[in-house]
Amino acid sequence: MSEEGAAPRRMRLLGLHHVTAIVEDLDRTTSFYRDVLGLALVEEGANDDDPGARHFWFGDAEGSPGTLVSFLEYPQMGEAQQGRGGTHHFAFAVGSADEQVAWRDYLRERGVPCSEVFERGRFRSIYFRDPDGHLVEIATR
């Protein structure tokens with residue numbers, strides 16, 4: 001509100017609904033996000049905006065907004081470069097520091113290179129990459 005006495009804004013963002021990333025192979029992505037990370041494969045189909053591209057959604061069993069990450073399959077695309085306009089990483093939350101350490105150990109046992117725990121002040125983080133190179137974080141609340 002820029003002017004004193006102006007009507008309050010009626011629009012309000014409620015939180016993050018989902019994040020979408022591009023991958024080379026959705027079968028490989030499914031093996032990682034469903035079979036390693038334990039997310040539910042909520043929906044699989046074609047992209048509404050590009051019916052020639054497969055589009056898979058992962059999240060909690062109900063597909064609740066805020067738990068969702070989706071992937072578009074474009075095997076012909078080249079490798080991404082980091083920079084302005086790109087996404088640096090996305091983060092999943094866990095309930096405790098002990099659970100986070102268990103995730104780190106679990107990922108390493110499955111051959112997924114994973115960072116040590118980083119103390120961030122308000123929360124702690126570990127990082128790893130998915131099969132397409134996306135940087136993924138597991139953060140405490």
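Tutor: Let us begin at the end of a helix: α1 is followed by Gly38, whose phi is positive, near 80 degrees. Please keep in mind throughout that this is a predicted model.

Student: Which residues of helix α1 are buried?

Tutor: In α1, which spans residues 26–36, the buried residues are Leu26, Thr29, Thr30, Phe32, Tyr33 and Val36.

Student: Why are Phe32 and Tyr33 called buried?

Tutor: Buried means under 20% relative accessible area. Phe32 has 7%, so Phe32 is buried, and Tyr33, with 0%, is buried because that value also lies under the cut-off.

Student: How do you know that Phe32 and Tyr33 form an aromatic pair, and what makes the pair edge-to-face?

Tutor: By the rule that ring centres must lie within 6.5 Å, the count comes to eight aromatic pairs. Phe32 and Tyr33 form one of them, with 5.2 Å from centre to centre and 80 degrees between the planes. Planes over 60 degrees apart count as edge-to-face, so the pair of Phe32 and Tyr33 takes that label.

Student: Why is the pair of Trp103 and Tyr106 given a label of its own, and which one?

Tutor: The ring centres of Trp103 and Tyr106 are 5.4 Å apart and the planes stand at 85 degrees, so this pair is edge-to-face. Trp103 and Tyr106 are three residues apart in helix α2 (residues 97–109), which means that about one helical turn separates them. Tyr106 has a relative accessibility of 23% and therefore counts as partly exposed, because buried requires a value under 20% and exposed a value over 50%.

Student: Which residues do ring pairs link into a cluster that includes Phe32 and Tyr33?

Tutor: The cluster consists of Phe32, Tyr33, Phe58, Phe71 and Phe128, linked by ring pairs.

Student: What makes the meeting of Arg54 and Asp27 a salt bridge?

Tutor: Their side chains meet at 3.6 Å, N to O, and the cut-off is 4 Å, so the pair qualifies. Arg54 lies in strand β3 (residues 54–59) and Asp27 in helix α1, so the pair ties together parts that are 27 residues apart in sequence. Arg54, at 30% relative accessible area, is partly exposed, and Asp27, at 49%, counts as partly exposed too, because exposed would require over 50%.

Student: How many salt bridges does a search of the whole structure find, and what are the closest N and O distances for Arg34 with Asp35 and for Asp105 with Arg104?

Tutor: The search finds nine salt bridges. In the bridge of Arg34 with Asp35 the closest N and O atoms are 2.7 Å apart, and in that of Asp105 with Arg104 they are 3.0 Å apart. Both distances lie within 4 Å, so both pairs meet the rule.

Student: Are Asp105 and Arg104 each buried or partly exposed, and what decides this?

Tutor: Asp105 has a relative accessible area of 31% and is partly exposed, whereas Arg104 has 14% and is buried, because the cut-off between the two classes is 20%. Arg104, Asp105, Arg108 and Glu116 are linked in a network of salt bridges.

Student: Why are β5 and β6 said to stand at the edges of their sheet?

Tutor: The sheet is open, has four strands in the order β5-β8-β7-β6, and its pairing is mixed. β5 (90–94) and β6 (118–119) each have a single partner strand, so one side of each is left without a neighbour in the sheet. Helix α2 packs on this sheet, touching β5, β7 and β8, and its direction makes about 20 degrees with that of β7.

Technical notes: Residues numbered from 1 in each chain as written. Predicted model: local features only at pLDDT ≥ 70, side-chain atom pairs only at ≥ 80, totals over all residues. Heavy atoms only, no water. Phe/Tyr/Trp six-rings, centres within 6.5 Å; stacked < 30°, edge-to-face > 60°. Buried < 20%, exposed > 50% of the residue type's maximum accessible area, 1.4 Å probe, protein only. Helix = DSSP H or I, 4+ residues; strand = E, 2+ residues; numbered from the N terminus. Pairing = 2+ DSSP bridges. Contact = heavy atoms within 4.5 Å. Axes fitted to C-alpha atoms, helices over the stretch in contact; angles between N-to-C directions.
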